[in-house]
Each structure stands twice: as structure tokens, then as C-alpha cells.
Amino acid sequence: NYAVGLTTGEVIHFRQCSFHGEWVHLSDIGSDYADNNYHHPTSKDKLPFERGVDVRLSSIVWASDSPYGS
């Protein structure tokens, strides 16, 4: 399990990623925790992104390995 924080404040939890130039494809988003789907910090609306999501690499501020422990 991994998490990334974006420059806009969003946090995305995911299990797999792949790099494509300046983009990162994050997949298996929020599959382990009900609250881990992508959400905007000012909105309670959650988007499950069932096929994953592409994020610009330069938009990632931080990354965490096993943010909830192993």
C-alpha cells in the first residue's frame, strides 16, 4: 500500500504504479481501505477511479510506503 500527496492537497492511496514519461499511472486505488479513494480536500465526494488515474509526476509532493503500517 502506498500514498501520494499532490500539490493541490489531494491524497491518493494506491497499490501499484507505472511510469510513462512525465506521468505516473496509479492503480488499485483505495482497494484496502473504504476511506482511501481519491477526494478533494474541500469535498466529501469520492471518486473510485476503478481503472486507475494518471498523475503528472511534477504534481507529486510526497509519497509514503505503507502509510497505515504493514
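**Figure 1. Strand 1 and strand 2 pair in the antiparallel sense.** In this predicted model, four bridges link strand 1 to strand 2. Within the pairing, Val-4 stands opposite Ile-12 of strand 2. The two strands form a hairpin, and four residues lie between them. Gly-9, in the turn, has a positive phi of about 105°.

**Figure 2. Tyr-2 and Phe-14 form a stacked aromatic pair.** The structure holds one aromatic pair. The ring centres of Tyr-2 and Phe-14 are 5.7 Å apart and the ring planes stand at 25°; planes under 30 degrees apart count as stacked, so this pair is stacked. Tyr-2 belongs to strand 1 (residues 2–6) and Phe-14 to strand 2 (residues 11–14), so the pair ties together parts that are twelve residues apart in sequence. Are the two residues buried or exposed? Tyr-2 has 35% relative accessibility and counts as partly exposed, because that value falls between the limits of 20% and 50%. Phe-14, at 7% relative accessibility, counts as buried.

**Figure 3. Strand 1 also pairs with strand 8.** Strand 8 covers residues 60–65, and five bridges join it to strand 1 in the antiparallel sense. Here Leu-6 stands opposite Ile-60 of strand 8. Strand 1 is mostly covered, with four of its five residues buried.

**Figure 4. Val-4 and its contacts.** Which residues does Val-4 touch, leaving aside its neighbours within four places in sequence? Val-4 is in contact with Glu-10, Val-11, Ile-12, Phe-14, Leu-26, Ile-60, Trp-62 and Ala-63. One of these, Ile-12, is the residue that stands opposite Val-4 in strand 2.

**Figure 5. The largest nonpolar core has nine residues.** The members are Val-4, Leu-6, Ile-12, Phe-14, Val-24, Leu-26, Ile-29, Val-53 and Val-55. At least two residues of this core come from each of strand 1, strand 2, strand 4 (23–27) and strand 7 (53–56). In soluble globular proteins, nonpolar side chains tend to be buried together. Phe-14 is a member of this core as well as of the aromatic pair with Tyr-2.

**Figure 6. Strand 4 and strand 7 run antiparallel.** Four bridges join strand 4 to strand 7. Leu-26 stands opposite Val-53 of strand 7. Both Leu-26 and Val-53 are listed in the nonpolar core.

**Figure 7. Strand 3 and strand 4 form a hairpin.** The two strands run antiparallel and are joined by five bridges. Phe-19 stands opposite Val-24 of strand 4. Two residues lie between the strands of this hairpin, in which Gly-21 takes a positive phi near 65°.

**Figure 8. Glu-22 and Arg-56 meet in a salt bridge.** The count of salt bridges comes to one. The side chains of Glu-22 and Arg-56 meet at 2.3 Å, N to O. Glu-22 lies in the loop between strand 3 (16–20) and strand 4, and Arg-56 lies in strand 7, so the pair ties together parts that are 34 residues apart in sequence. How accessible are the two partners? Glu-22 has 47% relative accessibility and counts as partly exposed. Arg-56, at 33% relative accessibility, also counts as partly exposed.

Definitions and conventions: Residues are numbered from 1 along each chain as its sequence is written. This is a predicted model: local features need pLDDT of at least 70, side-chain atom pairs count only at pLDDT 80 or more; totals for chains, interfaces and linings use all residues. Side-chain values use heavy atoms; hydrogens and water are left out. Rings of Phe, Tyr and Trp (its six-membered ring) pair if their centres lie within 6.5 Å; planes under 30 degrees apart count as stacked, over 60 as edge-to-face and the rest as tilted. Buried means under 20% relative accessible area, exposed over 50%, partly exposed in between (1.4 Å probe, protein chains only). A nonpolar core is a set of buried Ala, Val, Leu, Ile, Met, Phe, Trp, Tyr and Cys residues joined through side-chain atoms within 4.5 Å. Contact means heavy atoms within 4.5 Å. Two strands pair if DSSP finds at least two bridges between them. A salt bridge is a side-chain nitrogen of Lys or Arg within 4 Å of a carboxyl oxygen of Asp or Glu.
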